Amino acid sequence: MVGASNPMISRALQESLERIRRKMENIRFKIAVMSGKGGVGKSMVSTNISVAFSLMGFKTAILDSDFHGPSIPKMLGVERAELVFDNGFKLVETKYGVSVISIGFLLDEKTPVIWRGPMKANALRQFLSDVNWGELDFLVIDLPPGTGDEALSVAQLIPGISGAIIVSIPSDVSRVVVERSVSFARKLDVPVLGIIENMSYFKAPDTGKIYYIFGKGGGRRIAEEMNVPFLGEIPIDPRMATTCDEGIPFIVKYPDAEAAKAIMKIAEEILNTLGVKRP
Ligand SMILES: Nc1ncnc2c1ncn2[C@@H]1O[C@H](COP(=O)(O)OP(=O)(O)O)[C@@H](O)[C@H]1O
Ligand SMILES: [Mg+2]
């Protein structure tokens, strides 16, 4: 860690980590969503799973910690929200029951920020030590893409993560990706709740024929071989991109779609894995 040799800095670090811990004391479950790389639908999954929890009656918030593409506020239609500071930052409420805190609220769209690695973690640490989470059943954490240092240093700021969910696409659900993800989770000392295979297939609406656009994943098989739970597969639905842009969660706009049902089932699966009953 930065400045570990400097006792002043490391004390400041310890103090803010302790502050984050206290602020997060009343969160029942913290779930980190990770991926092997960007663009596999991690933020789409974080958003829709959170909305699913909220529809089931759980008090849920999302932490968007992806510096490269903080997309959660847009997906929930609160892109223009202003952060309010009242003895700490208040969670931004959305129309869908889920509240959100995003690193994007600190960034100015027009001025690209070029932060070096340690600065990002430090900025996020200071930010997190000032957020008032209140009482939550679930906090879903959208981590930066990959299983490298950046995702790790963000995840290490958050105490007591209950479990990690891995999102990947068929060609990406390889043994290597699963292995990397498992070792990531081990470093954090958190259990892998399971793997979600996104963009598994496309079912033609007219003929019902199934196309494996990104290859046939075998996600379930690899998960079994590696001894991690398989949480389910989500098909490709071209309407997904539009809902992300419109700021309406897919499961809210198209609850009857196969992809929406798959997401709801995955949310149930996560509850089972955690041993949580619906309120
Ligand atoms: N199952 C899917 N079907 C169709 N489009 C999808 C699906 N999952 C994600 N997308 C789209 O892919 C793009 C990338 O998704 P996003 O969640 O932002 O990825 P990540 O957070 O991993 O970078 C978005 O435009 C999203 O709408
Ligand atoms: Mg993302």
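Within strand β9, Gly194 is the bridge partner of Ile165. The structure is a predicted model, in which local features require pLDDT of at least 70 and side-chain atom pairs are counted only at pLDDT 80 or more, whereas totals for chains, interfaces and linings use all residues. Residues are numbered from 1 along each chain as its sequence is written, chains are lettered from A and ligands numbered from 1 in the order in which they are written, and side-chain values use heavy atoms, with hydrogens and water left out. Helices (H or I, at least four residues) and strands (E, at least two) are DSSP runs numbered from the N terminus.

Strand β8 (residues 163-168) is joined to β9 (residues 192-198) by 5 bridges, and the two run parallel; strands are taken to pair if DSSP finds at least two bridges between them. Both belong to an open sheet of 8 strands, ordered β4-β5-β2-β7-β1-β8-β9-β12, with mixed pairing. Its edge strands, each pairing on one side only, are β4 (92-93) and β12 (230-234).

Strand β2 (residues 60-64) runs parallel to β7 (residues 136-142), to which 5 bridges join it, and Leu63 stands opposite Ile141 of β7. In relative accessible area, buried denotes under 20%, exposed over 50% and partly exposed the range in between (1.4 Å probe, protein chains only). By this criterion 5 of the 5 residues of β2 are buried, so the strand is largely enclosed by the rest of the structure. In a regular strand, side chains alternate between the two faces of the sheet. In β2, Thr60, Ile62 and Asp64 point one way while Ala61 and Leu63 point the other, and all are buried.

Helix α4 (residues 117-128) has 12 residues and should span 16 Å, which agrees with the 17 Å between its end C-alpha atoms; the expected span is 1.5 Å times one less than the number of residues. Its buried residues are Lys120, Ala121, Leu124, Arg125, Phe127 and Leu128. Seen down the helix axis, these buried residues fall within an arc of 165 degrees, so they line one face of α4; the arc is that of the directions from the axis to the C-beta atoms. In helix α2 (residues 42-55) lies Ile49, which is buried with a relative accessible area of 5%. The C-alpha atom of Ile49 is separated by 5.9 Å from that of Ala267, 218 residues apart along the chain.

Around ligand 1 there are 16 residues, of which Gly39, Lys42, Ser43, Met44 and Asn198 come nearest, a residue being near if one of its heavy atoms lies within 4 Å. Polar contacts with the ligand are pairs of N or O atoms within 3.5 Å. A backbone N or O atom of Lys42 lies 2.8 Å from an oxygen atom of ligand 1, a polar backbone atom of Gly41 is 3.0 Å from an oxygen atom of the ligand, and one of Pro235 is 3.0 Å from a nitrogen atom of ligand 1. Taken alone, ligand 1 exposes 560 Å², of which the protein buries 80%; these areas come from the Shrake-Rupley method with a 1.4 Å probe.

Asn87, in the loop between α3 (72-75) and β3 (89-90), has a positive phi of about 60 degrees although it is not a glycine, and Asn87 is exposed, with a relative accessible area of 69%. Met199, in the loop between β9 and β10 (202-203), is not a glycine either, yet has a positive phi of about 55 degrees; at 22% relative accessibility, Met199 counts as partly exposed.

Notes
Polar contact = N/O pair within 3.5 Å; in protein donor to acceptor, adjacent residues only side chain to side chain.
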